[in-house]
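Please consult the sequence and the three-dimensional structure below while reading this briefing. The points that follow are grouped by topic.

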Amino acid sequence: MPIHSFRLLTAAGRFLAVLTNKPERFSRLILEGLGLLGHFRQIYGGNSLERKKPDPIGILTMLKKCALNPRQAMIVGDSSVDVLTGRNAGV
């Protein structure tokens with residue numbers, strides 16, 4: 001996704017977050033290196049919560065902090081684990 005897409009989404013008031021099974025610290029470093037860290041309000045890694053994707057706990061925790069329900073969210077991913085995570089969370 002081009003960086004201007006992130007700018008457009010945040011300018012439109014969209015809430016962007018990262019949920020990955022990679023360790024949070026490394027995920028933040030990667031996002032920072034790509035110049036994308038500032039576009040995300042929440043970042044959860046595989047070590048941030050008690051269970052990893054495809055368990056829905058990560059998405060549900062993010063939604064709760066934003067006072068949103070699953071029908072107000074979407075997940076963008078690159079694997080079948082991401083699709084399953086979204087389905088498990090009702091996203």
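In the classes used here, Ala, Val, Leu, Ile, Met, Phe, Trp, Tyr, Cys and Pro count as nonpolar, Asp, Glu, Lys and Arg as charged, and the others, Gly among them, as polar. By these classes, the lining of the largest cavity has two nonpolar, four polar and three charged residues. The model is a predicted one.

**The cavity**

- One cavity of 30 Å³ or more is present in the structure.
- The volume of the largest cavity is about 30 Å³.
- Its lining consists of L19, T20, N21, G45, G46, L49, R51, K52 and K53.
- Rolling a probe the size of a water molecule over the atoms shows where empty space is left.

**A cis peptide bond**

- K53, one of the residues that line the largest cavity, is joined to P54 by a cis peptide bond.
- The omega angle of this bond is about 15°.
- P54 belongs to the loop between β2 and α3.

- Helix α3 covers residues 57-65, and its buried residues are I57, G58, I59, M62 and L63.
- These buried residues pack against β1 (17-19), β2 (42-44) and α4 (80-89).
- A67 follows α3 and is found in the loop between α3 and α4.
- The phi angle of A67 is near 55°, which is a positive value in a residue other than glycine.
- A67 counts as exposed because its relative accessible area is 70%, and exposed means over 50%.

**Q42 in strand β2**

- Q42 is part of strand β2, one of the elements against which the buried residues of α3 pack.
- Q42 counts as buried because its relative accessibility is 10%, and the cut-off for buried is under 20%.
- Leaving aside residues up to four places away in sequence, Q42 touches F15, L16, A17, V18, M62, K65 and C66.
- Among these contacts of Q42 is M62, which is also one of the buried residues of α3.

**R7 in helix α1**

- R7 lies in helix α1, which covers residues 3-11.
- R7 is classed as partly exposed because its relative accessible area is 47%, a class that lies in between the buried limit of under 20% and the exposed limit of over 50%.
- R7 and I30 are 23 residues apart along the chain, and their C-alpha atoms are separated by 18 Å.

Conventions
Residues are numbered from 1 along each chain as its sequence is written. This is a predicted model: local features need pLDDT of at least 70, side-chain atom pairs count only at pLDDT 80 or more; totals for chains, interfaces and linings use all residues. Side-chain values use heavy atoms; hydrogens and water are left out. Buried means under 20% relative accessible area, exposed over 50%, partly exposed in between (1.4 Å probe, protein chains only). Helices (H or I, at least four residues) and strands (E, at least two) are DSSP runs, numbered from the N terminus. Contact means heavy atoms within 4.5 Å. On a 1 Å grid over the protein atoms alone, a cavity is a set of points where a 1.4 Å probe fits but cannot get out, and a pocket is an open set with protein on both sides within 12 Å along at least five of seven lines; lining residues have an atom within 4 Å of a point. Grid points are joined across faces, edges and corners, and a volume is the space filled by probe spheres set on the points.
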